[in-house]
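The following note is intended for a colleague who is meeting this structure for the first time. Please read the numbered points alongside the sequence and the model.

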Amino acid sequence: MTSNDETVARLHAQAQLRPRGNRYEDFEPGRRFAHHWGRTVTAADNTLFSTLTLHYNPHYTNEAYAQAHGHRTVPVNPLLVFNTVFGLSVEDLSEGGGPFLGVDALRYLVDVYPGDTLYARSEVLAARLASRPGYGIVTWHTTGCNQHGQDVIDFQRSNLVKTRN
């Protein structure tokens with residue numbers, strides 16, 4: 001056995017499984033979360049996301065076109081804004097596991113530009129036990145804002161969330 005193998009074996013023996021994320025019982029309607037991570041969106045993020053998702057709207061890839069339509073530069077693809085804000089909320093809301101059930105009432109409020117930093121906050125709107133044993137359905141309202149505190153997006157989403165039992 002090499003020293004690498006010994007180290008891996010020792011770390012494996014010492015490893016402890018730690019539950020992550022909140023459970024259904026943690027989501028009382030009215031509870032608020034200020035998601036602690038922020039994410040600065042770059043021009044490279046925007047270009048890569050737009051091309052990888054085959055989203056070739058020139059607003060998001062062509063500066064001259066974007067400026068001709070009233071933007072100061074190329075705005076960030078709104079789907080990237082949504083995915084970024086949604087992702088910022090996962091650790092607090094849905095990391096504990098359970099299927100994603102959907103998004104409702106999605107609103108884009110102001111444009112986001114490369115260099116903007118996005119933050120997210122959420123509030124529990126509803127929670128009820130599901131017909132599937134060991135799960136509840138939770139609905140949150142999530143809002144994303146930029147570095148100036150200006151709201152840029154909001155939406156509601158629901159997940160099936162595991163109970164503690």
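1. Helices α2 and α4 are roughly perpendicular to each other; angles of 65 to 115 degrees receive that label, while those under 35 count as roughly parallel, those over 145 as roughly antiparallel and the rest as oblique. The axes of α2 (residues 43-52) and α4 cross at roughly 105° and come within 9 Å. On the α2 side the contact is made by Asp-45, Asn-46 and Phe-49, and on the α4 side by Leu-79, Leu-80 and Asn-83. Contact here means heavy atoms within 4.5 Å. Axes are lines fitted to C-alpha atoms, for helices over the stretch in contact, with angles running from 0 to 180 degrees between N-to-C directions.

2. The model is predicted: local features need pLDDT of at least 70 and side-chain atom pairs count only at pLDDT 80 or more, whereas totals for chains, interfaces and linings use all residues. Residues are numbered from 1 along each chain as its sequence is written, and side-chain values use heavy atoms, leaving out hydrogens and water.

3. Five strands form an open sheet in the order β1-β3-β4-β5-β2, with antiparallel pairing. Helices (H or I, at least four residues) and strands (E, at least two) are DSSP runs numbered from the N terminus, and two strands pair if DSSP finds at least two bridges between them. At the edges lie β1 (32-40) and β2 (100-108), each of which pairs on one side only. On average, neighbouring strands of this sheet are turned by 20° against each other, direction ignored. Helix α4 (residues 78-93) lies across β1, β2, β3, β4 and β5 (151-162), and runs at about 130° to β1.

4. Within the sheet, β3 (residues 117-129) and β4 (residues 135-145) run antiparallel and are joined by 10 bridges. Ser-122 is found in β3, and its bridge partner in β4 is Thr-142. The side chains of Ser-122 and Thr-142 are also joined by a polar contact of 2.7 Å; such a contact is a pair of N or O atoms within 3.5 Å, where within protein one must be able to donate a hydrogen and the other to accept it, and residues adjacent in sequence count only if both atoms are side-chain atoms.

5. Is Ser-122 buried or exposed? Ser-122 counts as buried, at 5% relative accessibility; buried means under 20% relative accessible area, exposed over 50% and partly exposed in between (1.4 Å probe, protein chains only). Leaving aside residues up to four places away in sequence, Ser-122 touches several others, among them Phe-33, His-35, Ser-89 and Leu-93.

6. The structure holds six salt bridges, each a side-chain nitrogen of Lys or Arg within 4 Å of a carboxyl oxygen of Asp or Glu. One joins Arg-121 and Asp-151 (3.0 Å, N to O). Arg-121 lies in β3 and Asp-151 in β5, so this pair ties together parts that are 30 residues apart in sequence. Another joins Arg-39 and Asp-45, whose closest N and O atoms are 2.9 Å apart.

7. Arg-164 and Glu-25 also meet in a salt bridge (3.7 Å, N to O). This pair links distant parts of the chain, 139 residues apart: Arg-164 is in the segment after β5, and Glu-25 is in the loop between α1 (3-14) and β1. Arg-164 counts as exposed at 51% relative accessibility, whereas Glu-25 is partly exposed at 40%. Together with Asp-26, Glu-25 and Arg-164 are linked in a network of salt bridges.
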